[in-house]
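Have a look at the model on the screen, and I'll talk you through it.

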Amino acid sequence: MRLILLFFLLVVRAATAADRTEDQRIELIKVTCYTCHAVAASEPMSIPALNNVLDNASADEIARILLDYKYDRQAATIMNRIAKALDDEDIYRLAEQLHADTVK
Amino acid sequence: MKRRQFLRTIAHPLLCAGVLSPSLSSCAVRGNTPAHIVVIGGGYGGASCARYLRYFNPDLHVTLLTPERYYYSCPFSNPVIAGIEPASIIRHSYTGLAKNAGVRLIHDTAEGIDPDKKTVQLSGGGQLHYERLVLSPGISFRWNHIFSGYDREAARRMPHAWQGGEQTLLLRQQLRAMPDGGLICIVVPGPAFRCPPGPYERASLIAYYLTQHKPRAKILLLDANEHFSKQDLFEEAWQQRYPNLIERIPISAGGLVLAVDAKKMQIQAEAGRFRVNVGNVIPFQQAGRLAVDSGLTDESGWCPVNHQTFESLHIPNIHIIGDSCIAGAMPKSASSANSQAKVCSLAVVNLLADRPPGEMVYHNTCYSLVAPDYGISINAMFRYEEQRIKLIQQAGGLSPLRAAGAVRRAEADHARSWYRNIHRDSFASP
């Protein structure tokens, strides 16, 4: 019984560790945004603050903005070049994290 | 299994993996005291690292050790030299890191590191103990390397202005004082050096200043390189905005400088001897002095590191980020330092919790101003793969050639916005 419990816990641990690594990778991408974008700013900025772009947007809407950059459906100076580094799945997960921040 | 044994053999690893608790901060606790991380160096790398260590684990004790109360940045020092921006724009306070990020600030100089005792000796007396140490010591100059006659004393007459602050203002003052019709010479060192597009942005903005105030003066670039960052974009812009004002001599045409005589204001290059009115001599560079003195550099003068964690390949528990480290294809820039700081912070937090460092993603964006209304950019994304920082091929790139004026104006505005935002991000300022 003890061995079964140990095996179960180790499997859960491995799965959770993998999820954690993936969440951290997306979080690292998220904080990369902060280099160029202010998280929140009251004044208008040439590179817009994230709150000015993302507030009131759903995770799906945020993902669509990023996908439009990735697939050149939306013109930009460098966002198209950056978004191409991300898999579509990355973009959806990043959008979820960005959205979660806006509703905190 | 006894309860204590269960806790030791099963529960603790599960806690660390997040199975039993969403918070992992306790895993970075040694005994009853949270781990203490010391960060040395108050530039973009060090400030960002101190901030993001606390971001990824608010329970960590983080001390930022930097001698000055203000940081004078190299980014945007060129617009200051050209009189486009006030000097105050490159001065940054550390108070945001203390107030908004909970970082302890110590304004002192590290005299040395004892990696066995894990201590940093302070010049003001006393020492700091660390669990892990992060160094972001920037660059130091290789005086009298390749070309003779250039040392600290010579830099008072022919400023390098490659570290922000006093040297920036000296070069600006010399530009203002020089006669119309004079010659400004910018000496560009060989690789690797901080901010690869910097000398060419500087030439561009000095050219802008000359068109406004001294239209008969000229700029000469004596360059120890054949090619340079954003070369096609710069040369296109020079042709459009500053025709016949900037002459560049690459290394193949004799651009390598052999000797400098600061008293006579003469520069001897392979292409000949030049008498100049303003000499901006940027010396060859290596890792920051503390990294060199601590045995963290290799024969190149820079610090080899594990690309996933930025931990030194020479001394364990010491991480090196920013200009001093060898980071594959990442250039030595403020943006790279900021990105490396985030990666290193995450790695340190995970290592303290006995977890794998993480899957790392890195970024660099670099804007250059050619004129106040003319900006260009280069950017790249990287990932950790096969034990290296590797460029993500399908991403990144340069501003387009032959772009409309609106695109150049937008990128000039973005450059100013980027500068404000990286400052906020790195220094936790409001």
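Before the interface, one term: I call two residues in contact if their C-beta atoms, placed from the backbone, lie within 7 Å. Housekeeping too: residues are numbered from 1 along each chain as its sequence is written, and chains are lettered from A and ligands numbered from 1 in the order in which they are written. And this is a predicted model, where local features need pLDDT of at least 70, side-chain atom pairs count only at pLDDT 80 or more, and totals for chains, interfaces and linings use all residues.

So, how many residues of chain A are in contact with chain B? There are 29 from chain A, against 41 residues of chain B. The elements giving two or more residues to that side of chain A are α1 (2-36) and α4 (79-83). Helices here are DSSP runs of H or I with at least four residues, strands are runs of E with at least two, and both are numbered from the N terminus. The biggest giver is α1(A), with 18 residues. By type, the chain A side splits into 15 nonpolar, 8 polar and 6 charged. Nonpolar is Ala, Val, Leu, Ile, Met, Phe, Trp, Tyr, Cys and Pro, charged is Asp, Glu, Lys and Arg, and the others, Gly among them, are polar.

Staying with chain A, let's look at α3. This helix, residues 59-70, has 12 residues and reaches 16 Å from first C-alpha to last, close to the expected 16 Å at 1.5 Å a residue (the expected span is 1.5 Å times one less than the number of residues). Which residues of α3(A) are buried? They are Ile62(A), Ala63(A), Leu66(A), Tyr69(A) and Lys70(A). Buried means 20 or more other C-beta atoms within 10 Å of a residue's own, exposed means 12 or fewer, and partly exposed is in between, with C-beta atoms placed from the backbone. Over on the other side of α3(A), Asp60(A) and Glu61(A) are exposed. The buried set packs against α2 (50-54), α4 and α5 (88-102) of chain A. Just after the helix, Asp72(A) takes a positive phi of about 60°.

Now chain B and its sheets. One is an open sheet of 5 strands, in the order β7-β4-β3-β11-β22, with parallel pairing; strands pair if DSSP finds at least two bridges between them. At the edges, β7 (104-106) and β22 (318-320) of chain B each have a single partner strand, so one side of each lacks a neighbour in the sheet. The twist averages 20° from one strand to the next. Strand β11 (132-135) of chain B is joined to β22(B) by 3 bridges, and Val134(B) stands opposite His319(B) there. Helix α2 (44-56) of chain B lies across β3 (36-40), β4 (61-65) and β11, at about 170° to β4(B). Axes are lines fitted to C-alpha atoms, for helices over the stretch in contact, with angles from 0 to 180 degrees between N-to-C directions.

The other open sheet I want to show has 4 strands, β15-β14-β13-β19 of chain B, again parallel. There the twist averages 15° from one strand to the next.
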